[in-house]
Amino acid sequence: AKAAGCFFSTGSQGGGQETMGLTAVTFFSYQGMVFVPMGYIDERSYSFDEPHGASPYGCGTFAGIDGSRKPSELEKGLAVSHGKHFGTIAAKLAR
């Protein structure tokens, strides 16, 4: 089985991060892939210190309504955590 994960970028909070994750799961299922969500592997994902695009479905960012906002250091750090988690699960699936 092949692993699949997501990094989301939406225009604003409430802009569809969780909807994207749920929709991706159906696509991955049709492809015979195993969805590896971020879950709550990194406590920063439920931080309220600054806005961020992470959810249990995956890491992400808010691009802003005009697309000019770049991922913050927090969002980049969450992406690294998700990537490490993803790699661990993918390696187990490859055995």
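Which residues of helix 2 lie three residues apart, about one turn of the helix? They are K76 and E73, and helix 2 covers residues 73-94. Helices here are DSSP runs of H or I with at least four residues, numbered from the N terminus.

## Basis of the model

This is a predicted model, in which local features need pLDDT of at least 70, side-chain atom pairs count only at pLDDT 80 or more, and totals for chains, interfaces and linings use all residues. Residues are numbered from 1 along each chain as its sequence is written, and side-chain values use heavy atoms, with hydrogens and water left out.

## Salt bridges

The whole structure holds three salt bridges. The term means a side-chain nitrogen of Lys or Arg within 4 Å of a carboxyl oxygen of Asp or Glu. Burial is given by relative accessible area: buried is under 20%, exposed is over 50%, and partly exposed is in between (1.4 Å probe, protein chains only).

K76 is partly exposed at 41%, and E73 is exposed at 62%.

D42 bridges to R44, with 2.7 Å between the closest N and O atoms. D42 is buried at 9%; R44 is partly exposed at 34%. E75 bridges to R69, and here the closest N and O atoms are 3.0 Å apart. E75 is buried, with 1% relative accessibility. R69 is partly exposed at 30%.

## Aromatic rings

The structure has three aromatic pairs. Rings of Phe, Tyr and Trp (its six-membered ring) pair if their centres lie within 6.5 Å; planes under 30 degrees apart are stacked, over 60 edge-to-face, and the rest tilted. One aromatic cluster is formed by F27, F28 and F35.

## The largest pocket

The largest pocket has a volume of about 210 Å³. A pocket is an open set of points on a 1 Å grid over the protein atoms alone, where a 1.4 Å probe fits, with protein on both sides within 12 Å along at least five of seven lines. Its volume is the space filled by probe spheres set on the points, which are joined across faces, edges and corners.

The lining has 13 residues; a lining residue has an atom within 4 Å of a point. Nearest the centre lie S45, Y46, S47, H52 and A54. By class, six lining residues are nonpolar, six polar and one charged. Ala, Val, Leu, Ile, Met, Phe, Trp, Tyr, Cys and Pro count as nonpolar, Asp, Glu, Lys and Arg as charged, and the others, Gly among them, as polar.

How values were computed:
Helix = DSSP H or I, 4+ residues; strand = E, 2+ residues; numbered from the N terminus.
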